[in-house]
Amino acid sequence: MKSTKSKLLLHSSTPLRRRPFNRLFALIYAAAISVLLYHHAGTLLRSPTSTVLSFFTSLSFLISDLILAFMWVNSQAFRMNPIATKPLPENLLEVLNRPEDFPALDVFICTADPQKEPPATVEATVLSVMAYDYPVEKLSVYVSDDGWSEVTLFALMEAVEFGKVWLPFCKTNRVIERCPEAYFGSEFAVRNCNSEAEKIKEIYEDMKTRIENAVERGYIADEYKSSMQKAKAFGKWTKDFTIRDHPAVVQVISQNSEDKDDAGCSLPNLIYVSRQKSRTIPHHFKAGALNVLLRVSAVMTNSPIILTLDCDMISNDPSTPHKMLCFFIDNSLKANLGYVQFPVCFDGLNKADIYASELRRMFHINPMGLNGLLGPDYFGTGAFFNRRAFYGGPLSMIEPEVPQLSPDFVVKKPINDQAILDLARHVASCDYENQSKWGSEIGLRYGSLVEDYYTGYRLHCEGWSSIFCSPNRPAFLADMPISLHDLITQMKRWSVGLLEVTLSKYSPLTFGMRFIGPLMAHCYSYYAFGPIWPFPIMVYAFLPQITMLHNISIFPKVSDP
Ligand SMILES: O=c1ccn([C@@H]2O[C@H](COP(=O)(O)OP(=O)(O)O[C@H]3O[C@H](CO)[C@@H](O)[C@H](O)[C@H]3O)[C@@H](O)[C@H]2O)c(=O)[nH]1
Ligand SMILES: [Mn+2]
């Protein structure tokens with residue numbers, strides 16, 4: 001990576017104007033809370049003279065208000081120093097003026113279930129990043145398929161074929177929506193368009209139909225296995241294997257040095273990875289999948305920068321990599337910048353948003369508050385990482401088992417070299433991590449169902465910082481669970497994952513306090529202790545009615561001390 005020329009501004013930071021008001025408000029509110037707690041304590045101390053029920057009531061309110069006060073303190077940590085950071089990509093080209101100046105970028109996309117995450121969605125996400133405005137020879141896309149689905153592999157092969165017309169079309173026509181599904185969506189007819197676009201739309205619709213038919217059938221018809229190479233790739237799906245028991249597959253679908261689009265330009269690398277699974281060995285869900293991608297990509301391209309995406313999160317702006325580079329190449333940040341997090345914005349929410357699914361506090365407001373501290377937590381998707389951040393703190397690098405996995409290793413062989421492919425399959429095997437530091441000190445961290453929150457937290461504890469970058473045009477657009485059932489399942493999973501961190505030896509209140517300071521620790525505690533919200537809410541929802549029935553006063557009287 002090249003360093004910034006002196007004084008060239010690549011980003012700006014503005015403290016939000018509400019900062020002094022937040023602090024003043026916190027002071028006044030803290031005084032009010034102290035008075036309330038004093039009142040509760042007084043009531044409790046006087047209660048030996050009263051009934052068991054009134055003692056129990058006072059105790060419940062005291063505990064509830066203590067929890068609420070604790071959560072309030074946690075929430076205030078976000079309000080102490082909110083900062084908005086803006087990249088200035090227009091200055092970037094002064095620093096990086098030749099394609100070879102750009103650092104290589106590996107994009108990781110995870111998918112796990114071809115029914116819930118249709119291969120057509122994966123294909124759309126893949127195309128949206130393959131069409132980034134980025135030197136193609138520096139761009140590699142890795143798809144992790146935990147669903148062991150030949151249809152997903154088929155969808156990626158189709159994506160590359162369609163990409164051969166789509167990528168040049170986008171670049172010559174300066175298309176902003178590089179996800180074909182978004183471009184050919186509802187506004188296509190209004191916006192447009194020329195006959196070339198109409199023709200491409202037809203090709204796209206045909207491809208989608210082929211993918212959807214394959215999903216319906218559940219296997220790949222022989223007509224699509226015409227070439228030797230394809231027959232060999234699909235030949236790995238035999239009756240001997242199941243989703244929980246199968247070997248590792250690493251399949252290069254497009255290769256930058258060989259494959260060209262219809263305009264004669266190279267295509268980015270696209271690699272399909274389905275890690276080995278065995279019923280007897282834990283796979284650690286998404287954290288395990290990302291660690292396999294970290295290793296496979298290290299062996300094949302080892303780019304210093306990594307973007308992690310869920311398969312249902314499309315790129316909505318082709319210039320996003322330029323924006324993240326404004327931070328990564330800045331000398332003043334570079335030494336300990338672990339990741340740049342973009343907000344999660346949702347597509348297709350109804351205007352009323354009845355389940356409050358936009359999660360504005362979690363994905364927009366709180367990260368701005370963290371930005372003035374060590375930086376935002378990791379959301380699991382839409383984050384660009386410094387690969388080095390996965391290998392120990394900024395000053396104490398942890399060496400992996402083999403030199404090929406080290407972030408400093410320079411890959412000299414092409415990605416489809418047999419030795420490279422053999423090693424990639426080896427590092428994607430299910431017992432590779434046995435007795436290693438993967439998951440504990442290297443890579444994404446195991447131990448919590450919210451591996452994103454936990455990993456971001458551990459990186460901050462190791463001394464890495466992060467940046468929240470929220471451009472006006474959303475960098476990514478995600479799908480949201482639409483049904484109440486999906487939403488509740490997701491909330492349950494998040495709550496269990498957060499409690500796993502709260503109750504571990506890495507709890508933000510103890511471990512965090514020591515390593516990231518009180519404000520950051522309170523911010524992380526805000527989420528870690530989030531699952532205890534229902535306790536005070538239940539007390540306030542049901543106790544007042546019970547006390548009314550028993551004629552117990554729960555509010556102070558004017559005459560009270
Ligand atoms: O064994 C698994 C399980 C999940 N995934 C992938 O992980 C992503 C997230 O899983 P999902 O079931 O969609 O969970 P969500 O609750 O929607 O995801 C949010 O919460 C997760 C846990 O905190 C984060 O990892 C995600 O990035 C974040 O979007 C998806 O792309 C899955 O395909 C895998 O690759 N392997
Ligand atoms: Mn999801």
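Which residues does UniProt give the feature "active site" (unreviewed entry)? The record places that feature at D146 and D452; UniProt positions are given here in the numbering used for this structure, feature names are shortened, and annotations may be inferred rather than shown by experiment.

Before you select anything, note that this is a predicted model, in which local features need pLDDT of at least 70 and side-chain atom pairs count only at pLDDT 80 or more, while totals for chains, interfaces and linings use all residues. Residues are numbered from 1 along each chain as its sequence is written, chains are lettered from A and ligands numbered from 1 in the order in which they are written, and side-chain values use heavy atoms, with hydrogens and water left out.

**First stop: ligand 1**

Select ligand 1 and show the residues near it, meaning those with a heavy atom within 4 Å of it. There are 20 residues around ligand 1, and the closest are D146, K286, D310, E451 and D452. Colour this shell by class and you will find 9 nonpolar, 4 polar and 7 charged residues, where Ala, Val, Leu, Ile, Met, Phe, Trp, Tyr, Cys and Pro count as nonpolar, Asp, Glu, Lys and Arg as charged, and the others, Gly among them, as polar.

Next, colour by domain, with bounds that come from an automatic or database domain assignment: domain 2 (98-303 + 399-436) and domain 3 (319-398 + 438-528) each give at least three residues to the shell. The elements that each supply at least two shell residues are β3 (105-111), α10 (285-300), α15 (451-462) and α16 (484-502); helices (H or I, at least four residues) and strands (E, at least two) are DSSP runs, numbered from the N terminus.

Now look for polar contacts, which are pairs of N or O atoms within 3.5 Å. A polar side-chain atom of E117 is 3.0 Å from an oxygen atom of ligand 1, and a side-chain N or O atom of Q490 also lies 3.0 Å from an oxygen atom of the ligand, whereas F379 uses a backbone N or O atom, at 3.5 Å from a ligand oxygen. Taken alone, ligand 1 exposes 680 Å², of which the protein buries 82%; accessible areas come from the Shrake-Rupley method with a 1.4 Å probe.

**Second stop: the annotated binding site**

Select K116, E117 and D146, where UniProt places the feature "binding site" (unreviewed entry). They span 31 residues in sequence, yet no two of their C-alpha atoms are more than 12.3 Å apart, so they gather at one spot.

Is K116 buried or exposed? Taking buried as under 20% relative accessible area, exposed as over 50% and partly exposed as in between (1.4 Å probe, protein chains only), K116 is exposed at 69%, and it sits in the loop between β3 and α4 (119-130). D146, in the loop between β4 (139-145) and α5 (150-173), is buried at 12%.

Follow α5 to the loop between it and α6 (180-183), where R174 lies; R174 has a positive phi of about 50° although it is not a glycine, and it is exposed at 70% relative accessibility. Then select F285 in helix α10, another residue other than glycine with a positive phi, near 50°, which counts as exposed at 55%.

Finally, go to E202 in helix α8 (residues 195-217), which is exposed with a relative accessible area of 56%.

Technical notes:
Polar contact = N/O pair within 3.5 Å; in protein donor to acceptor, adjacent residues only side chain to side chain.
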